Each structure stands twice: as C-alpha cells, then as structure tokens.
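Here are my notes on this one, as numbered points. Have the coordinates open while you read.

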Number of protein chains: 2
Amino acid sequence: MKTTFFKGQTMQTTSPAVSKTDALTSEVMQSFAHATDPRLAQVMGLLAKHLHAFVVESKLTKEEWLRGLTFLTASAAITSEERNEFSLFSDIMGISSMVDVVSQPEGGTPSSVLGPFHNHDSRLRANGSDLTEGQAGDRVWFHGRVVDADGQPIQNAQIDFWQNADNGLYPAQDPDQDPHNLRCKIACEANGSFNLLTIRPHPYTVPTDGPVGALLAASQRNIWRPAHYHVIVSASGYVGLVTELFPEGSAYLTEDTVFGVRPGLVVDFKPCHDAAVAQRFGIATPFLEMSFEFCLAKQG
Amino acid sequence: MKTTFFKGQTMQTTSPAVSKTDALTSEVMQSFAHATDPRLAQVMGLLAKHLHAFVVESKLTKEEWLRGLTFLTASAAITSEERNEFSLFSDIMGISSMVDVVSQPEGGTPSSVLGPFHNHDSRLRANGSDLTEGQAGDRVWFHGRVVDADGQPIQNAQIDFWQNADNGLYPAQDPDQDPHNLRCKIACEANGSFNLLTIRPHPYTVPTDGPVGALLAASQRNIWRPAHYHVIVSASGYVGLVTELFPEGSAYLTEDTVFGVRPGLVVDFKPCHDAAVAQRFGIATPFLEMSFEFCLAKQG
C-alpha cells in the first residue's frame, strides 16, 4: 500500500476490486474488535463478514439496496406488539430454523420454530385432560413420555402444548375462541408419562398482508405451514426443548414455508379402538392415537 | 437419504451436523428458485445462503437470535420519515459502503455513501456562487472540472452539493438554518468547470439515541464522521456519481463510522492568495482553496 493512501486525489489504485472489498470487510470487522463483550465482537464481526460476502457475490446494485431498505422500512411500519414482520422474515428465510439446527444439543429430540402464537400464561391442567370441550374436530389421543438420552424417564418434566382449532385459527386470530382454547401445561407423571385428548390440527398460512407476503408472492412460494402441534418440554437440569409435531401425510410437509419440519418430528396418526380410553373421554371408537417420546439433553 | 425421511420418529440421523445445515440452506435457496424475476431468485437465494453461513459460523444461540430480533423491533419503533435506523445500521456495518464499492464503474471517481441529508429540491444557482451568506466558517474556494475517462470535459454536467454548517449541523438538524443553507445545484460550463465559495465542513456524530447508538457504545466504536462535502455529479450519457470529498488532515479520517473514506476522495485544503478571487467574493486572503476533478464513466 502506498503511504499516500489518503492523500492523492488522482492516485490510481493498482489492486483489483476484490482487494478493495476484502479491505473494507476487514475494516468493519476490526471496528467491533474492542467491544466490551468478546462474544458481541465475534458475532457482529461475523455478521459484517457474511453480509459483505452477500453484497459482493450478488454484486448488489444501489437500486436493489434501496429496495431492501424499503422492505425493512415497510416491515417496521407493520410491526407491533401483536405482529412482528422481522420475526416472520427470519422464519421464511429459514434463519429461525437454522438457529434451531445449530443450537440442537446432542442426543435430544430435534427442536423446531416457536412461532408467534405461544403464550406464557397457559393454565396448568391435570394429566389426562380433555381439551376438546365440545368443539368440532377429529379426536386425537396424544400420549407419550419424557426421557433422557439413556431412555430413562425424567421426573418433574412439564409439557406446554398449543395448536390451532378446526377452522385453522389460533385464539389470537379468532375472537370466537376462548384465549385458552386448545392450550395447556401438563405436569408429567413420575415415570415421565403424559396424555391428553385434543383435535387434529390444520394447515394455515403465514400473514401475507405485509412486505413478507409480497416477497412470498413475487417468489411464487408456498405460504402454508403443514398441520402441527406445538410443544415446549422442560425439566430441571435438562436443556429446554421447543418443538413441533407434524401428523404423517399432512399437506405441505415437504414445503413448510418456515422450514420447521425435521426428520423425527413427523408422527403417525393411527386409528385406535381402545374402549377404555374412549369411555374415559366419552368419545366413539375409532379415534386417532398419536404417541411420542420426547428426549431431553442434560444441561451443561 | 432414507426413504423414511418424514416417517420414523425414532429414526437416528447418521449424517454430521454440517450436512443438516447444508440441506436447510439448499432448501431455502431452492424455495426462491421459481420467482417471476430471476434476479429476485438470485439475490434472495444468496441472501439466505450468506445469512445461514453467519448463523452456522457464529453458532448463534436462540438468546442471541432473540437479541437480534429485539434490536430490529426497537429499530422499527424509532424509524420514521425523518429517521431511518435501518439505513443507519447499513451504514455503520459498512454495507452501504460495500454496495458503493461493488457498483463502482471502471475508471470513474470513487463513489461514497449518500447519507441521510440529501434533498432533491436543492436550488440551481449560478456557477461561481457564494454560499456563505455571512455565516461563520473558514472560507473555502471549491473549484474543479467534470471529465470523462479520457480526461475530456463533459458538457452539460451538473453538480449537486451539500454540507454541514460551522456548528456541525445540517439544516434538517438545525431550525436556525435556512433549509437551503450550504446546498445548491450548479450547471457546469461547457469546458466542464465549476466553482463556488463555501465554508469548511465539520465532523459530526451519527444519531446515537437508538439501538444503533447502543450497539456502537457496547462496541466501543467511534461515533464520528470526518468532515466532508457531499457531491452528486450527473451528465446525460454518463453513470451518475454520488460521492464525498474529505479535507486532508480531518479528524476521524481513518475511523469514519460509516466507512465512506476512499483513496482519491481526500483532498488538499491549500491557503490561496489569489487577489482576483478574493475580490470577486469580497473575502480576505489567504482563503482556503480546494480543487477536484470528477471523472464520470460512460453509461452502458
């Protein structure tokens, strides 16, 4: 490099364009090197590196950069307490899902996206509860266990469960539903087991009235998520699991618009003729049966 | 891959974690492949690829992802017509600057960031105008030419010029300034020449009252931009140039928080004793002289 780097206005650069981009990337990464938190320095440096690599590889034009900025500004305008367009963008870009993949502990059940419809205030209900409460929908008996990496039951595990109703809507989208409809927490038995009666979930679309919807339309992308149950499994001493279960054969299983489907999270819905279970819940046979074993990884 | 990919809940994946991330990245890139505009497919695919690479290399945790989402949501809350936190984030991450670098046409004067203070409605003033209008500040006689790649004058070129005042503020930040203070458009002479009288510009800080300011503080980064003039140069048949000129010796030249300084954009401010010029503008000698030749690349 010449010593007149910042001086000569008529100086010709002799290095190729790739060096200029590398120099800029280094400069930006270096600008974070003195962060008080070393992890902040690392994460921001890597974010700069990869965003720069995107601009370089795509040869992004100023007009395209401006379109991106317009996209973010329009996303800002539609974002509120109830609706976060940035979270949706993260989901449809597979970023939320990638965070799941890279933070997946060894040996546990795969995690999947949390989605926007989780409420922290779900009620604790008795194990074996009936969540259907007379509403429409195919009856599903969901039962299973929470175990550790050795297959041993975990004591004091809890599941937090939520899903959409037979019309495809969550309570937050549907004023006709009780806010606690088809959601609950259940404390598992000492042997790790739990069971509940619920209904079959349904596919639904992500919100399409914002910039992300326009992007999906311009990309001719599927806007549907396959039917799924949401489950958070937690137990003291174990890594918490945020995941989803997908009924085998559901539409959109291979084209989930938020990329949440994982091998091992697709489950059989089998017709069940168990008269004792039918009698306990007051339902006809055959009903649908779904069984799943959640495996939690130890903390630390 | 097993044929039971979406079936067995107890299936063990035999491939290492890197394959899972590659598979997810491919899936997301492929989801954009059917966009009506092939360039949209390309740009979004590459954006997904590089954002995924960021998540993988940084091993981003869910807590960090959530902090990022909180950052974007807070940026949304502060963004308005007058204040765009996303644009500022792009600037301080060197992304705006990288777009400049990769879109730089061969042989032209380097471009630099536009910044938030450009107005489209600047008044056309006569070549040789005095923009100082009695305000405080060191007098600077700024003159030069607009030429093509062969050094030949470009006829019908126009410069659009703006800067901050002696208090470091732009009109948009300072109700005491006329909105047209220290800004104008000038039509160059047939020989490509232009000149005007203005004042020395000053360093200033980017806005620090939002999430970007908090990020800069946590990163212990400089929040100042070096003193500069903004210039847009345009002429029919040539690629428009958005650039900045930096007085030699300015503070923060090597640590511009938006990474806008380029070799060839740092210019001498020389004391000038030209009595004719002093008389024309009614100023004392010596005043400061700054000369610059803008080179535009041909379109197409």
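Is A:G168 buried or exposed?

1. A:G168 is buried, at a relative accessible area of 8%; buried means under 20% relative accessible area, exposed over 50%, and partly exposed in between (1.4 Å probe, protein chains only). You'll find A:G168 in the loop between β3 (158–162) and β4 (183–187) of chain A. Helices (H or I, at least four residues) and strands (E, at least two) are DSSP runs, numbered from the N terminus. Setting aside neighbours within four places in sequence, A:G168 is in contact with A:Q173, A:H202, A:P203 and A:Y204, where contact means heavy atoms within 4.5 Å. For A:Y204, which sits 36 residues from A:G168 along the chain, the C-alpha separation is 5.8 Å.

2. Some bookkeeping. This is a predicted model, in which local features need pLDDT of at least 70 and side-chain atom pairs count only at pLDDT 80 or more, while totals for chains, interfaces and linings use all residues. Residues are numbered from 1 along each chain as its sequence is written, chains are lettered from A and ligands numbered from 1 in the order in which they are written, and side-chain values use heavy atoms, with hydrogens and water left out.

3. Chain B has a loop residue to look at too: B:P171 lies between β3 (158–162) and β4 (183–187) of chain B. B:P171 is buried, with a relative accessible area of 10%. Not counting residues up to four places away in sequence, B:P171 touches B:Q177, B:D178, B:P179, B:N181 and B:R183.

4. Now the interface. 81 residues of chain B are in contact with 81 residues of chain A. Between them the two chains bury about 7500 Å², 68% of it on carbon and sulfur atoms; buried area is the accessible area (1.4 Å probe) that two parts lose on being put together, summed over both. The rule also finds 25 residue pairs in polar contact across the interface of chain B and chain A, both residues at pLDDT 80 or more. A polar contact is a pair of N or O atoms within 3.5 Å; within protein, one must be able to donate a hydrogen and the other to accept it, and residues adjacent in sequence count only if both atoms are side-chain atoms.

5. What supplies the chain B side of that interface? Elements giving at least two residues each include α1 (17–31), α3 (62–78) and β12 (287–295) of chain B. α2(B) gives the most, with 17 residues. By class, the side of chain B that touches chain A has 42 nonpolar, 26 polar and 13 charged residues. Here Ala, Val, Leu, Ile, Met, Phe, Trp, Tyr, Cys and Pro count as nonpolar, Asp, Glu, Lys and Arg as charged, and the others, Gly among them, as polar.

6. On to charges. Side chains of opposite charge can pair when their charged atoms come close. A salt bridge here is a side-chain nitrogen of Lys or Arg within 4 Å of a carboxyl oxygen of Asp or Glu. The whole structure has 22 salt bridges over all chains, and the count between chain B and chain A is 6. One pair is A:R39 with B:E64, closest N and O atoms 2.6 Å apart. A:R39 lies in helix α2 (residues 38–58) of chain A and B:E64 in helix α3 of chain B, so the pair joins two chains. A:R39 is partly exposed at 23% relative accessible area, whereas B:E64 counts as buried at 19%. B:R39 and A:E64 also form a salt bridge, with 2.6 Å between the closest N and O atoms.

7. Within chain A, the side chains of A:E293 and A:R145 meet in a salt bridge (3.1 Å, N to O). The pair links distant parts of the chain, 148 residues apart: A:E293 is in strand β12 (residues 287–295) and A:R145 in strand β2 (residues 139–147). A:E293 is partly exposed at 39% relative accessibility, and A:R145 is partly exposed at 28%.

8. Last, what's enclosed. 7 of the 8 residues of α5(B) are buried, so this helix is largely enclosed by the rest of the structure; among them are B:I95, B:M98 and B:D100.
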